[in-house]
Amino acid sequence: MKNFWMIRLSIGLLLVSSMSQISAENGRDHAITWHSSEEKRAAVNKSESTDKNILLDIKTAWGKNVPQLVEKSWTEENSILDFAGVSVNDSGQVVALDFHAWGLSVLPDCSMLKDLRSLDLSSNNLTGDMPAWICEVPELQ
């Protein structure tokens, strides 16, 4: 008999935003300054190549089981910011993968994503033992 498992390593969605620190000058707090989406896109595009290549390798490893959302959005031409189910920090490193209800029956090895903090695998068709690589991601909560 197969072991059935579902794992949800993070509750809710991880929202990644770029925000400068509140600074105090002459004892007064200044307003929070948000970077524009264009500034974030430019910064991420400069440094996204490593994690983007890892995600493209994951897509390839899925083979014929690649989810449709991945097939359409995880492309060399797209920015990692446009990859379905992927959240990145301001440096372009993947910090969250949301695979909720993607109909997954095969879980790709995400151990190379060293900044991964959140992985949502709920409501999928995963069976068998939990893969060992989950313990290899140092930031995963």
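This briefing walks through a predicted model of one protein chain, from its overall layout down to a handful of residues. The chain has 141 residues, and 38% of them count as buried. Its secondary structure consists of 3 helices and 5 strands, arranged along the sequence as β-β-α-α-α-β-β-β.

- The average pLDDT of the protein chain is 76, and 70% of the residues reach a score of at least 70.
- Residues 1-34 have a pLDDT below 50. In the model, this stretch still has 59 contacts beyond near neighbours in sequence.
- Where pLDDT is low, the predicted coordinates should not be read in detail.
- Among the elements of the chain, strand β1 (residues 24-25) has the lowest mean pLDDT, at 34. Strand β4 has the highest, at 96.

**The chain as a whole**

- Taking contacts between residues at least 6 apart in sequence, 51% join residues at least 24 apart.

**Strand β4 and its two partners**

- Strand β4 covers residues 94-98. It is mostly covered, with 4 of its 5 residues buried.
- On one side of the pairing story is strand β3 (residues 86-88), which pairs with β4 in the antiparallel sense over 3 bridges. Within this pairing, V88 has V94 of β4 as its bridge partner.
- The hairpin formed by β3 and β4 has 5 residues between the strands. In that hairpin, G92 takes a positive phi near 90°.
- Strand β5 (118-120) is the other partner: β4 and β5 run parallel and are joined by 3 bridges. Here L97 has L119 of β5 as its bridge partner.
- In a regular strand, the side chains alternate between the two faces of the sheet.

**L119, within β5**

- L119 lies in strand β5. Its relative accessible area is 0%, so L119 counts as buried.
- Q141 is 22 residues away from L119 in sequence, yet the two C-alpha atoms are 8.4 Å apart in space.

**S111, in the loop between β4 and β5**

- S111 is found in the loop between β4 and β5. With a relative accessible area of 7%, S111 is buried, because the cut-off for buried is under 20%.
- The side chain of S111 makes a polar contact with the side chain of D109, at 2.7 Å.
- Leaving aside neighbours within four places in sequence, S111 is in contact with W133, E136 and V137.

**The segment after β5**

- P138 is placed in the segment after β5. Its relative accessibility is 58%, so P138 counts as exposed.
- P138 and L116 are 22 residues apart along the chain, and 8.0 Å separates their C-alpha atoms.
- The structure holds 1 salt bridge. It is formed by E139 and R117, whose closest N and O atoms are 4.0 Å apart.
- E139 lies in the segment after β5 and R117 in the loop between β4 and β5, so this pair ties together parts that are 22 residues apart in sequence.
- Both partners count as partly exposed: E139 has a relative accessibility of 33%, and R117 has one of 31%.

**K52, in a helix**

- K52 lies in helix α2, which spans residues 49-62.
- Which is K52, buried or exposed? K52 is buried, because its relative accessible area is 7% and the cut-off is under 20%.
- Beyond its neighbours within four places in sequence, K52 is in contact with T75, E76, E77, N78, S79, I80 and F83.

Key: Residues are numbered from 1 along each chain as its sequence is written. This is a predicted model: local features need pLDDT of at least 70, side-chain atom pairs count only at pLDDT 80 or more; totals for chains, interfaces and linings use all residues. Side-chain values use heavy atoms; hydrogens and water are left out. Helices (H or I, at least four residues) and strands (E, at least two) are DSSP runs, numbered from the N terminus. Buried means under 20% relative accessible area, exposed over 50%, partly exposed in between (1.4 Å probe, protein chains only). A polar contact is a pair of N or O atoms within 3.5 Å; within protein, one must be able to donate a hydrogen and the other to accept it, and residues adjacent in sequence count only if both atoms are side-chain atoms. Contact means heavy atoms within 4.5 Å. Two strands pair if DSSP finds at least two bridges between them. pLDDT is the predictor's confidence in each residue, from 0 to 100. A salt bridge is a side-chain nitrogen of Lys or Arg within 4 Å of a carboxyl oxygen of Asp or Glu.
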